[in-house]
Amino acid sequence: MQNTERKYAGTLLGCAVGDAVGLCYQFARFPGRRHISLESFSYLPFGHYPPGQYSDDTDMTLAIVQAILETGEVSGPAIAEEFKRIWQTVDIVDPGLSCDDAIHALIGGTPWDKSGTEDGRAGNGTAMRASPIGLWDYDDMEKLRRDSEIQSIITHKDRRAVAGAVAVAAAVAYNINNEKLDGNDFISFIKTECRVEGIDPFMRYLDDMPELLNMPEGRAVSIIAGAGQEKRFSGNFITPFVVPTVLVSLYAFLKYPDSFLDVLALVYRAGGDIDTTGAIAGAISGSRLGVEHIPERLKKGVLNEEHIAGLARRLWLAKRERLGFRK
Ligand SMILES: [Mg+2]
């Protein structure tokens with residue numbers, strides 16, 4: 001497997017594994033999440049779902065990949081069709097509220113560029129599915145911003161939600177482009193790419209990232225948990241608000257750039273919306289480390305592992321073709 005191909009597979013399977021393990025931890029009752037050990041972890045069944053089940057984060061990520069493969073571009077109408085299709089045919093676990101509202105509007109006939117929920121609803125539904133845009137546009141940052149906007153506004157018009165999606169796509173793009181990770185360079189790359197109007201809170205906390213990385217984890221997580229919140233927020237868990245969701249994922253990745261499991265363990269310890277932070281952090285870590293760094297038992301145990309690996313390969317081949325390589 002070539003270097004970039006490993007990273008494509010690492011991104012999509014990293015997303016699915018982080019989502020599926022997070023889902024188990026969220027639904028099974030684990031005493032003391034502060035002491036989570038992923039070393040001994042295996043997927044647990046919950047409800048009527050099979051072990052290795054993932055949630056909306058992975059379903060929507062794969063829907064975007066599918067739409068890119070069908071059209072050879074990031075097309076709003078094609079992604080909207082895929083979202084409608086999965087909402088009508090797949091048993092989606094724990095869908096986000098804005099996504100659910102927007103996709104029901106699509107199903108009811110609202111066009112894709114009008115269906116997104118209004119300003120003020122800045123959930124993490126756009127960021128959680130953003131990694132394929134990083135894989136598709138890693139060589140063209142202007143296009144990465146534009147395509148992130150297209151995939152985001154289908155469900156969220158809020159600028160913070162768009163910015164969160166740009167940040168995650170940019171993080172993946174950085175990892176596809178670079179073998180070595182320089183934390184400061186990574187942050188300044190995301191900052192220059194994620195210039196979306198009206199997202200000052202995001203920028204400020206990105207500036208603080210080096211300081212956050214130097215303080216004890218618990219303190220850093222409680223600061224991140226309150227990041228960008230309009231009212232004072234005293235919980236020490238990550239809500240489905242896009243700003244803390246994306247920041248904790250970037251923080252975990254920078255804290256443990258060489259360990260897929262440590263990245264996931266950190267976001268699960270941080271608590272809250274952990275299938276989504278797991279999906280985002282897993283995708284970013286996988287985009288740096290490649291698929292072989294995801295532990296075999298977690299990779300093989302995730303639902304539809306072969307299908308996901310197949311989509312990653314097809315996306316990689318489509319991108320190569322786009323770049324002018326022969327099939
Ligand atoms: Mg989810």
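Is S55 buried or exposed? S55 is buried, with a relative accessible area of 0%. Buried here means under 20% relative accessible area, exposed means over 50%, and partly exposed lies in between, using a 1.4 Å probe and protein chains only.

This is a predicted model, in which local features need pLDDT of at least 70, side-chain atom pairs count only at pLDDT 80 or more, and totals for chains, interfaces and linings use all residues. Residues are numbered from 1 along each chain as its sequence is written, and side-chain values use heavy atoms, with hydrogens and water left out.

Start at the metal. The magnesium ion has the protein donors S55 (OG), D56 (OD), D57 (OD) and D275 (OD). They lie 1.9 to 2.3 Å from the ion. Donors are N, O and S atoms within 2.8 Å of the metal, or 3.2 Å for Na, K and Ca; water is not among the atoms, so sites may look incomplete. Along the chain, the donors of the magnesium ion follow the spacing S-D-D-x217-D. Distant parts of the chain are linked here: S55 sits in the loop between α1 (3-27) and α2, while D275 belongs to helix α14 (residues 274-289), 220 residues apart. Helices (H or I, at least four residues) and strands (E, at least two) are DSSP runs, numbered from the N terminus. D275 also counts as buried, at 1% relative accessibility.

The axes of α7 and α14 come within 7 Å and cross at roughly 20°. That makes α7 roughly parallel to α14. Axes are lines fitted to C-alpha atoms, for helices over the stretch in contact, and angles run from 0 to 180 degrees between N-to-C directions. Angles under 35 degrees count as roughly parallel, over 145 as roughly antiparallel, 65 to 115 as roughly perpendicular and the rest as oblique. The crossing of α7 and α14 is right-handed. A crossing is right-handed if the near helix is turned clockwise from the far one by less than a right angle, and left-handed if anticlockwise. On the α7 side, V168, A171, V172, N175 and I176 make the contact. On the α14 side, I280, I284, S287 and R288 do. Contact means heavy atoms within 4.5 Å.

Look at N175 in helix α7. N175 is buried, with a relative accessible area of 2%. Leaving aside neighbours within four places in sequence, N175 is in contact with K7, L181, F186, F253, I284, S287 and R288.

α6 passes α7 in a right-handed crossing. The contact residues of α6 include M141, L144, R145 and S148, and those of α7 include A161, V162, A165 and A169.

What does S131 touch? Not counting residues up to four places away in sequence, S131 touches T11, L12, T61, V168, V172 and A283. S131 is found in helix α5 (residues 131-136). At 2% relative accessibility, S131 counts as buried. S131 and I64 are 67 residues apart in sequence, and their C-alpha atoms are 9.4 Å apart in space.

G109 follows α4 and has a positive phi, near 110°.

Two loop residues have positive phi without being glycine. D94 has a phi near 55°. D94 lies in the loop between α3 and α4, and is partly exposed, with a relative accessible area of 38%. N304 has a phi of about 60°. N304 lies in the loop between α15 (296-301) and α16 (305-322). N304 is partly exposed, with a relative accessible area of 39%.

End in helix α16, at R313. R313 is partly exposed, with a relative accessible area of 40%. The C-alpha atoms of R313 and G22 are separated by 25 Å, and the two residues are 291 residues apart along the chain.
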